[in-house]
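Good morning, and thank you for coming.

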Amino acid sequence: ANHSLAELAERFDLRCHGDADTRITGVGTLAGAGAHQLSFLSNSKYAAQLADTRAGAVIVREENLAACSVPALVARDPYVAYAKIAALFEHIPAAPPGIHPSAVVAPTARVSPTASIGPCCVIESDAVIEDGAVLGPHCIIGEGCVVGAQSRLVARVTLVIRVTLGKRVLVHPGVVIGSDGFGLAFDTDHWIKLPQLGGVRIGDDCEIGANTTIDRGALDDTVLEEDVRLDNQIQIAQIGRAHV
């Protein structure tokens with residue numbers, strides 16, 4: 001990717017200060033960015049680095065503009081502006097539509113022809129994979145589970161049973177959704193396992209970090225509403241509704 005400051009300013013509704021023809025081919029930190037990289041200042045404690053930065057340009061707030069020694073993009077929130085611009089430089093290989101020959105798909109599963117099913121995936125009976133969904137290597141989609149349109153399961157993701165993912169959900173490697181909740185009753189001298197009859201429902205635009213586990217409920221579903229973001233290695237038991 002190669003963009004001028006003027007192009008970036010127009011695309012993301014920012015104000016350009018300095019040489020609008022400055023070419024940007026990547027992003028970096030204030031201390032480490034080079035002449036064709038864009039950096040940002042969102043925390044004022046790093047403001048002193050503006051004077052010495054070798055970045056091609058920096059995203060700053062209006063109040064930091066005078067201290068900036070290089071061309072700048074002025075933003076109300078430099079961190080948000082940086083997040084949007086940095087996405088232009090992220091390369092995610094396109095996933096070809098279709099089902100890899102090594103995948104195993106139950107006859108009653110429904111897989112959109114625009115979905116991409118990677119090597120060694122297993123899709124069990126009555127599961128649904130909607131338009132544009134991407135399943136990376138070694139994903140397991142349990143009976144009756146649904147993967148919403150444009151969702152992406154990076155690799156080794158397991159949906160156990162009664163799991164529904166909304167649209168554009170990003171699930172990182174090693175995630176397990178719909179495993180048993182920890183339900184036990186003590187009967188005199190031994191434990192009785194409670195059946196976990198609920199499921200898991202994940203709303204649109206959620207992101208679930210690597211090796212996170214989300215249990216299904218004993219009776220009601222575990223629910224994550226829209227735009228919930230989870231970091232790596234989180235354990236979520238039945239919580240009703242999450243607005244994290």
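Predicted model: local features only at pLDDT ≥ 70, side-chain atom pairs only at ≥ 80, totals over all residues.

**Rings, sheets and cores**

Phe40, Tyr79 and Tyr82 together make up one aromatic cluster. Residues are numbered from 1 along each chain as its sequence is written, and side-chain values use heavy atoms, with hydrogens and water left out.

The structure holds three aromatic pairs; rings of Phe, Tyr and Trp (its six-membered ring) pair if their centres lie within 6.5 Å, and planes under 30 degrees apart count as stacked, over 60 as edge-to-face and the rest as tilted. One of the pairs is Phe40 with Tyr79, which is tilted, at 5.5 Å centre to centre and 40° between the planes. Phe40 belongs to strand S5 and Tyr79 to helix H2, so this pair links distant parts of the chain, 39 residues apart. Helices (H or I, at least four residues) and strands (E, at least two) are DSSP runs, numbered from the N terminus. Is Tyr79 buried or exposed? Tyr79 is exposed, with a relative accessible area of 51%; buried means under 20%, exposed over 50%, and partly exposed in between, with a 1.4 Å probe and protein chains only. Another pair is Phe186 with Trp191, whose centres are 4.9 Å apart and whose planes stand at 65°, so the pair is edge-to-face. Trp191 is exposed, at 56% relative accessible area.

I turn now to the sheets. Strands S2, S7, S6, S5 and S4, in that order, form an open sheet of five strands with mixed pairing; two strands pair if DSSP finds at least two bridges between them. At its edges are S2 (15-17) and S4 (26-27), each pairing on one side only. S4 runs parallel to S5 (residues 37-40), and two bridges join them. Within S5, Leu38 is the bridge partner of Val27. Helix H2 (residues 78-86) packs on this sheet and touches S4, S5, S6 and S7, where contact means heavy atoms within 4.5 Å.

The other sheet is open and parallel, with seven strands in the order S8-S11-S14-S17-S20-S25-S28. S8 (98-99) and S28 (229-230) each have a single partner strand, so one side of each is left without a neighbour in the sheet. Inside the sheet, S14 (residues 134-135) and S17 (residues 152-153) pair in the parallel sense over two bridges, and Leu153 in S17 is the bridge partner of Leu135.

Which residues have the most contacts inside the largest nonpolar core? They are Leu135, Ile141 and Leu165, in a core of 32 residues; such a core is a set of buried Ala, Val, Leu, Ile, Met, Phe, Trp, Tyr and Cys residues joined through side-chain atoms within 4.5 Å. Strands S19 (163-165) and S24 (200-202) are the elements that give two or more residues to this core. Apart from it lies another core, of 13 residues, including Leu5, Phe12, Ala57 and Ile85.

Finally, Thr22 sits in the loop between S2 and strand S3 (23-24). Thr22 is buried, with a relative accessible area of 12%. Leaving aside neighbours within four places in sequence, Thr22 is in contact with His3, Ser4, Leu5, Gly56 and Pro71.

Key: Axes fitted to C-alpha atoms, helices over the stretch in contact; angles between N-to-C directions.
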